[in-house]
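I open this entry with the helix packing and then go on to the ligand site and the loops. The notes follow the order in which I looked things up.

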Amino acid sequence: MAMHNPFSLEGKNILVTGGSRGIGKAIVLGLAAQGANVAFTFARSEEAAKEVQSEVEKTGNKCLIFQADAVDFSAAESVINEVTSAWGSLDVVVNNAGITKDTLIMRMTEQQWDDVINTNLKSVFNYSKASIRPMMRQRSGSIINISSVVGISGNAGQTNYAASKSGIIGFTKSLAKEVASRGIRVNAVAPGYITTEMTGKLSEDVLESITKSIPLAKAGQVDDIANCVIYLSSEASKYITGETIRVDGGMAM
Ligand code: NDP
């Protein structure tokens, strides 16, 4: 008889928000590579989303995609309902969708504040609330929220973003305490400086000074975040809840 592999995601049904690009795309592909069926949402990049969908399908696993603004409360309910009725269960939800609108507070508009708080934090409420009901019925589940080291250390020019990412950490601990007795785990991942489109526009100078502040002396890759999400999705992490795992090369220690 084959030995049980606690790291396997074989047969798990997972939803990821913001899976069309960047870290979310790497998470979707990483989960599928470990055997999961993966549904994901996106906001605008339909072509990119379809490409990710066909890459997942090549692994032999199922993939559903939804164009759904993560800020929209009722859209979150419909997405979760569609996934659970199509696949029969919902084992993991990864709240990854996020944006930045950086500027010093002197210049920050109300719109820039609201957009970042709603997209990054309200979205986590929306998808967590919608998925708690099916997970409670199953008496199992894992919710994984993508925070940031900026939510731990703060960063000038990112009051809105840092508030949203710290908010995610407090939300994660509170929900973890609410649902632990139902077999549902809630954790956060705090990426450091990861090379994506979001960060690709920085100048050489800025990149060099960021690299100097990282003990492992290099930027992280999207796969580094995906691998941590794979672990938190699997039975291998079954005794971990309410935790925020930094994946930052030591940047925020
Ligand atoms: P990208 O900009 O590369 O990708 C963002 C993804 O989120 C896209 O798939 C995008 O969809 C989706 N998205 C954005 N807004 C919405 C919305 N309103 N509704 C639904 N989906 C939306 O970002 P990253 O991959 O760099 O970041 C992913 C997460 O990781 C974010 O939460 C970010 O804060 C966090 N993070 C990133 C770090 C980094 O160094 N890159 C560091 C720390 C944290 P579409 O393609 O349709 O626009």
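I began with α4 and α6, whose axes lie 8 Å apart and pack at an angle of about 15°. The two helices, α4 and α6, are therefore roughly parallel to each other, since angles under 35 degrees count as such. I noted the hand as well: α4 and α6 cross in a right-handed sense. I keep in mind that this is a predicted model.

The axes of α1 and α2, the latter made of residues 46–58, come within 9 Å and cross at roughly 15°. That angle makes α1 roughly parallel to α2. For the hand of this pair, I recorded a right-handed crossing of α1 and α2.

I then turned to the ligand. How many residues surround the ligand? I found 29, and the closest are Ser20, Arg21, Arg44, Ser45 and Tyr161. By class, the shell around the ligand holds 12 nonpolar residues, 13 polar ones and four charged ones.

I went through the backbone atoms that approach the ligand. For Arg44, a backbone N or O atom is 2.5 Å from an oxygen atom of the ligand. At Ala70, a polar backbone atom lies 2.8 Å from a nitrogen atom of the ligand. At Gly192, I noted a distance of 3.5 Å between a backbone N or O atom and an oxygen atom of the ligand.

How much of the ligand's accessible area does the protein cover? On its own the ligand has 900 Å² of accessible area, and the protein covers 95% of that. I also asked which elements give two or more residues to the shell: they are α1 (22–33), α6 (159–179) and α7 (197–200). Two of these names were already in my packing notes: α1 is paired there with α2, and α6 with α4.

Last, I checked backbone torsions in the loops. Arg139 is not a glycine, yet its phi is positive, at about 60°. I located Arg139 in the loop between α4 (110–138) and β5 (141–146). Ala217 is not a glycine either, and I recorded a positive phi of about 60° for it. Ala217 sits in the loop between α8 (204–212) and α9 (222–233).

Notes:
Residues are numbered from 1 along each chain as its sequence is written. This is a predicted model: local features need pLDDT of at least 70, side-chain atom pairs count only at pLDDT 80 or more; totals for chains, interfaces and linings use all residues. Side-chain values use heavy atoms; hydrogens and water are left out. A residue is near a molecule or strand if one of its heavy atoms lies within 4 Å of it. A polar contact is a pair of N or O atoms within 3.5 Å; within protein, one must be able to donate a hydrogen and the other to accept it, and residues adjacent in sequence count only if both atoms are side-chain atoms. Accessible areas come from the Shrake-Rupley method with a 1.4 Å probe; for residues, only the protein chains shown count as cover. Helices (H or I, at least four residues) and strands (E, at least two) are DSSP runs, numbered from the N terminus. Ala, Val, Leu, Ile, Met, Phe, Trp, Tyr, Cys and Pro count as nonpolar, Asp, Glu, Lys and Arg as charged, and the others, Gly among them, as polar. Axes are lines fitted to C-alpha atoms, for helices over the stretch in contact, and angles run from 0 to 180 degrees between N-to-C directions. Angles under 35 degrees count as roughly parallel, over 145 as roughly antiparallel, 65 to 115 as roughly perpendicular and the rest as oblique. A crossing is left-handed if the near helix is turned anticlockwise from the far one by less than a right angle, and right-handed if clockwise.
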